[in-house]
Amino acid sequence: MGKVYLVGAGPGDPELLTLKAVKVLHEADVVLYDRLISEEALHYTKPACKLVYVGKSDGKHTIPQEEINRLLVYYASTHEVVVRLKGGDPFVFGRGGEEALYLKRHGIPYEIVPGVSSLYSVPAYAGIPLTFRGIASSFAVITGHEATGKEKRVNWLAFREIDTLVILMGVRNRQRIAKELIASGRNPDEPVAFVERGTTPQQRVTVSTLKEVATEPPPVNPPAIMVVGEVVRLQKELSELLTNLKAEEVYHAR
Ligand code: SAH
């Protein structure tokens, strides 16, 4: 019986892989990986390692989760070291918890290898700190993708007092989210940033306001992180000498 490692691959920049991720990738006999994994991460595997793509695209599940769970159990019965490589951190909107529970219930030994989550690293590469003394002392991380059915609904009103909101999977619903946030009592002039494909050479930052996103949403493509809050005002100055990436920046209403 093999062992399954649920591994976070970080947000895209291969240098944000952890040493532990690189180590288990090197030992892996099979890697099951997602869409948002950088190709470079897979270069750390042995030539004989089997690579299995189980990617999903923004809401559309190419392979149902149940099938991925079954594949993990199957490969654990035929291979020694099985790596389930997931974008960012496996326990942040990655369904890593479900996979861990499934493995546990099937008696498969497993290990969690946390990764650098996109939730803070993508804003960081764009020059947006989630907290800042005197400006933001709290942040919340919310899913912007509320599929009908099983997904627990987000109560946007509950975040009224939170300074910075970090919304993942929110591109498609950005207009509705901005409307809900204004309706919850947030300032319509509050700045909003979208960081597309953060930490990769294709990173693109769009700065707007809640009002503008609610009325005429700027063009944004997934994957992107949506940041709502006064900290976004720091982005312009903080990104000036920031050398992580030479990113394209688009500014809208201020
Ligand atoms: N477990 C992941 C999140 C999975 S949900 C993590 O910890 O980062 C997928 C969402 O994450 C995307 O829809 C997007 O909102 C965000 N995301 C992941 N990687 C990203 C990147 N490189 N740039 C921008 N957003 C990213």
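Strand β7 (residues 164-168) pairs with β10 in the antiparallel sense, over four bridges. Within this pair, L168 stands opposite I225 of β10. Helices (H or I, at least four residues) and strands (E, at least two) are DSSP runs, numbered from the N terminus; two strands pair if DSSP finds at least two bridges between them. The structure is a predicted model, in which local features need pLDDT of at least 70 and side-chain atom pairs count only at pLDDT 80 or more, while totals for chains, interfaces and linings use all residues. Residues are numbered from 1 along each chain as its sequence is written, and side-chain values use heavy atoms, with hydrogens and water left out.

Strands β7 and β10 belong to an open sheet of six strands, ordered β6-β7-β10-β8-β9-β11, whose pairing is mixed. At the edges stand β6 (139-143) and β11 (248-251); each has a single partner strand, so one side of each is left without a neighbour in the sheet. From one strand to the next, the twist averages 20° (axes are lines fitted to C-alpha atoms, for helices over the stretch in contact, and angles run from 0 to 180 degrees between N-to-C directions).

Another open sheet has five strands in the order β3-β2-β4-β1-β5, with parallel pairing. Its edges are β3 (50-53) and β5 (110-113), and because each has a single partner strand, one side of each is left without a neighbour in the sheet. Here the twist averages 20° from one strand to the next. Strands β1 (residues 3-8) and β4 (residues 81-86) run parallel and are joined by six bridges; K3 has V81 in β4 as its bridge partner.

Two loops contain backbone details. The peptide bond from P222 to P223 is cis, with omega near 0°, and P223 is placed in the loop between α7 (210-215) and β10. R95, although not a glycine, has a positive phi of about 60°; R95 is placed in the loop between β4 and α4 (96-105).

Which residues are the closest to the ligand? They are V92, S117, S118, G198 and A224, in a shell of 18 residues that surround the ligand (a residue is near a molecule or strand if one of its heavy atoms lies within 4 Å of it). The table lists polar contacts, that is, pairs of N or O atoms within 3.5 Å; within protein, one must be able to donate a hydrogen and the other to accept it, and residues adjacent in sequence count only if both atoms are side-chain atoms.

| Residue | Protein atom | Ligand atom | Distance |
|---|---|---|---|
| V92 | backbone N or O | nitrogen | 2.6 Å |
| S117 | polar side-chain atom | oxygen | 2.8 Å |
| A224 | polar backbone atom | oxygen | 2.7 Å |

The protein covers 92% of the 550 Å² of accessible area that the ligand has on its own (Shrake-Rupley method with a 1.4 Å probe; for residues, only the protein chains shown count as cover). Elements giving two or more residues to the shell are α5 (118-126) and β10 (224-228). Domain 1 (3-113) and domain 2 (118-252) both contribute residues to the shell, so the ligand lies between them; the domain bounds come from an automatic or database domain assignment.
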